[in-house]
Amino acid sequence: MVATTTAVLLWYLSNNVVHNDVAHAVNSTHSKRTNSTGVDEDGALCAVVWGSNKSSLIDPKSPGIETFQTPVNVKWLENVALRDMALHEGHAACVDARGDVYQWGNGFFGSKADAKAPKITLRGKNIIKVQLTDSRVYALSASGRIYVFAANEEQQQLPKPQTSSTIPWGLSGWTGREPQAINFVEIFPKEKLNWGETFTSIVTGRNHLLALTSKGRTYAHPMNKDANSHGQLGLHKVEIPAPSSLMEAADRSRITIDLVPRSVVDQLAKTVASEHLNVIDDRHIGFSDLLFEIPSLRDVEISQIAAGGRSSFVNTTAGRVLGWGANEHGQIGLGSGITLDTIIIPTEIDLARNIPGPTKSRCLSIMAGGDLTCFVAERSARESLTYVDILCCGNGQWGGLGNNTFSTFQGQPVRVKNISGLREFDEQKQKSSPIVPHAISVSPSGHTLLSLDTQLHAGPGGSGRDLVVWGVNHDYQLGTGKRTSLNAATTLERPEGGRFTLARRKATVRDLSGKVWKKNVEVEQCAIAGYGNSAVYWKVLQ
């Protein structure tokens with residue numbers, strides 16, 4: 001028995017075969033592309049994309065192609081492996097192997113309609129992760145520093161030169177002797193971190209950011225005045241630099257504002273600054289330059305953070321999950337009996353509510369996007385076998401719950417069909433073991449990509465990781481060649497035939513400027529779900 005037996009069975013059970021004659025090409029260029037392996041005929045690495053290309057995000061070199069109906073190799077990342085990539089609705093960003101940030105897309109270039117190739121913006125900061133919102137890019141460095149800069153090129157312009165004594169706190173944009181090409185702000189915690197403690201992870205919603213430290217502490221950052229519209233910050237009083245219009249009135253350089261959730265009515269929670277909240281301009285990246293530790297989580301050690309559009313989640317080191325924020329679609333996962341549309345305090349989510357008494361459950365990971373939340377939970381009963389389930393809650397209007405239903409409200413996390421509770425034979429241990437998802441990407445627009453770690457227990461010659469898809473499919477973002485949305489997890493098939501698997505290999509890696517970074521680098525394919533599109537890129541294993 002081989003490790004791929006279960007994955008092959010899943011393919012036959014869940015997949016509708018998509019023949020090459022189903023997908024009609026947008027133009028002749030698209031119809032000639034049949035390779036979707038991520039490696040071209042000459043053995044060079046390349047990206048694989050499918051779905052909408054209306055903003056020139058998934059293939060900047062082919063702006064004339066608006067849609068890729070099935071997965072296809074694209075050349076713009078030839079022999080390039082990245083540290084990270086993020087796709088938003090109209091702009092995108094990535095971190096190349098050297099740690100420099102590049103941006104592209106119609107939303108980034110704005111009026112420069114002819115500019116399509118990714119452009120380097122933040123350089124020399126050794127960035128390892130990027131997160132995107134409508135108007136901003138957040139970047140985390142290997143040393144734990146967090147930067148923010150505009151998502152639009154025109155808004156990244158540095159201010160007019162000033163003397164060194166009058167340069168504002170966050171607008172200098174200088175790195176050593178070389179001036180930065182863009183205007184950026186570094187975000188600091190309000191109180192200094194402990195000795196040796198650094199930030200290790202960041203996630204963003206529409207208007208808020210969460211950050212996790214190496215000591216398991218959780219911080220929140222307000223991007224604008226809507227950052228706590230549904231209590232997603234986990235706190236409400238924040239300190240910001242005083243706008244020039246309020247500096248004289250407040251007689252200080254910083255003011256405290258009260259970001260009260262819309263559902264909360266508290267006439268006593270008004271500070272002087274809150275009374276002037278309407279006149280504060282929050283469109284600039286310098287609206288807030290601080291991170292605030294979430295008070296209710298101060299003594300709770302956190303292992304992972306996640307953010308939906310207006311919701312927040314944390315997973316403790318013990319595998320217990322807490323969530324807060326918007327809940328009008330049940331996306332927090334507190335159960336069908338909880339109909340509150342706003343949860344302002346981190347509240348524990350019981351993932352074992354529908355499991356028999358003796359069975360134990362713990363959360364392994366969380367992923368969220370928009371109004372959908374996905375939990376990976378392990379369950380076991382005493383000496384019996386261990387299983388791993390993928391649970392979803394929230395807005396499944398287009399099948400995003402993966403449980404064979406279409407529903408706009410799901411408060412109780414439900415098991416995703418075809419991929420929950422799977423097991424395979426472990427060649428090394430010579431026994432059956434649960435199949436655990438390797439990675440999950442949830443799009444804010446409603447589709448999910450999940451790679452099954454069918455390679456974890458494989459022996460010599462084991463195949464790659466199967467890519468499973470479900471959810472909305474209006475822009476061919478599921479890669480099936482059809483626009484029918486899927487309400488159950490389905491193993492993706494390559495247009496040239498065979499299951500779509502994510503590979504791992506060693507290769508010579510170039511940065512985005514075309515220069516060789518290193519040779520014999522360990523890289524693996526990583527799938528991400530964007531707004532109406534999907535992409536698979538080669539990621540540097542660090």
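Mentor: Start with a definition: a disulfide is a pair of cysteine sulfur atoms within 2.5 Å. Keep in mind that the model is predicted. A search of the whole structure finds zero disulfides. Take Cys-374. The nearest cysteine sulfur belongs to Cys-392, and it lies 3.8 Å away. The cut-off is 2.5 Å, so Cys-374 is in no disulfide. Cys-374 is also buried, because its relative accessibility is 2% and buried means under 20%. Cys-94 counts as buried too, at 0% relative accessibility.

Now the packing. In soluble globular proteins, nonpolar side chains tend to be buried together. The largest nonpolar core here has 41 residues. Ile-257, Phe-313, Ile-349, Leu-351 and Phe-375 touch the most other members. By element, strand β19, residues 302-307, gives the most to this core, with four residues.

Look closely at Phe-375. Leave aside its neighbours within four places in sequence. Its contacts then include Phe-313, Ile-349 and Leu-351, which are also among the residues that touch the most other core members. Phe-375 is in contact with Val-321, Ile-332, Ile-366, Ile-390 and Leu-391 as well. Ser-365, Asp-389, Cys-393 and Pro-413 complete the list.

A second, separate core has 25 residues. Cys-94 is one of them, and Val-72, Met-85 and Phe-109 are also included.

Next, Val-238. It sits in strand β16, residues 237-241. Val-238 is buried, because its relative accessible area is 1%. Pro-222 is 16 residues from Val-238 along the chain, and their C-alpha atoms are separated by 8.0 Å.

Loops can hold buried residues too. Thr-359 is in the loop between β22 (342-349) and β23 (360-369). Its relative accessible area is 19%. Buried means under 20%, so Thr-359 counts as buried. Not counting residues up to four places away, Thr-359 touches Arg-379, Ser-380 and Ala-381.

Val-264 is in the loop between β17 (254-258) and α5 (272-275). Val-264 counts as partly exposed, because its relative accessibility is 30%. With Ile-344 and Ile-345, Val-264 forms a nonpolar patch on the surface. Together they have about 230 Å² of accessible area.

Key:
Residues are numbered from 1 along each chain as its sequence is written. This is a predicted model: local features need pLDDT of at least 70, side-chain atom pairs count only at pLDDT 80 or more; totals for chains, interfaces and linings use all residues. Side-chain values use heavy atoms; hydrogens and water are left out. Patches are made of residues with over 30% relative accessible area and no salt bridge: like charges are joined within 9 Å, nonpolar side chains (Val, Leu, Ile, Met, Phe, Trp, Tyr) within 5 Å. Accessible areas come from the Shrake-Rupley method with a 1.4 Å probe; for residues, only the protein chains shown count as cover. A salt bridge is a side-chain nitrogen of Lys or Arg within 4 Å of a carboxyl oxygen of Asp or Glu. Helices (H or I, at least four residues) and strands (E, at least two) are DSSP runs, numbered from the N terminus. Buried means under 20% relative accessible area, exposed over 50%, partly exposed in between (1.4 Å probe, protein chains only). A nonpolar core is a set of buried Ala, Val, Leu, Ile, Met, Phe, Trp, Tyr and Cys residues joined through side-chain atoms within 4.5 Å. Contact means heavy atoms within 4.5 Å.
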